[in-house]
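I opened my notebook to look up a few side chains and ring pairs. Here is what I wrote down as I went.

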Amino acid sequence: MQVRSGKNAIISWSPPTQGNYTSFRIKVLGLSGASSSYNRTFVVNNTFQHSVKELTPGATYQVQAYTVYDNKESVAYTSRNFTTSKSRNKDELRPNKCYY
């Protein structure tokens, strides 16, 4: 996970070493304050990263990553929480990194 600014993050992951998959389903859920209504799902093919935009500065989110095979989502998933940085200036980028 790399938080690019208070409103943008790049989610990246490693593919599973066992089992089959055709794509990934990434869910981003808001956990705090103004972000609690944020609920987005992305289907990602042929890549191991996805950019998430329109986040709330200073808010906490949970990312859930599922494998998809034959149009069926896995029961198991991995998840991580992250908090976006509070923007001091709209032109200022303060990367805040955390990795899967």
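**Rings and a buried serine**

I began with Tyr 21, which is partly exposed at a relative accessible area of 30%; buried means under 20%, exposed over 50% and partly exposed in between, with a 1.4 Å probe and protein chains only. I kept in mind that this is a predicted model, where local features need pLDDT of at least 70, side-chain atom pairs count only at pLDDT 80 or more, and totals for chains, interfaces and linings use all residues. Residues are numbered from 1 along each chain as its sequence is written, and side-chain values use heavy atoms, without hydrogens and water.

Next I looked for aromatic pairs (rings of Phe, Tyr and Trp, the last by its six-membered ring, with centres within 6.5 Å; planes under 30 degrees apart are stacked, over 60 edge-to-face, the rest tilted). I noted six of them. In one, Tyr 21 and Phe 24 have ring centres 4.9 Å apart and planes at 40°, so I logged the pair as tilted.

Phe 24 is buried, at 4% relative accessibility. Its ring centre is 5.9 Å from that of Phe 48 and the planes are at 70°, so this pair is edge-to-face. Phe 48 is partly exposed at 35%. I also saw that ring pairs link Trp 13, Tyr 21, Phe 24 and Phe 48 into a cluster.

Then I checked Ser 23, in strand 3 (residues 23-30); strands are DSSP runs of E, at least two residues, numbered from the N terminus. Ser 23 is buried at 7%. Beyond four places in sequence, its contacts (heavy atoms within 4.5 Å) include Val 43, Asn 45 and Tyr 66.

Technical notes. Helices (H or I, at least four residues) and strands (E, at least two) are DSSP runs, numbered from the N terminus.
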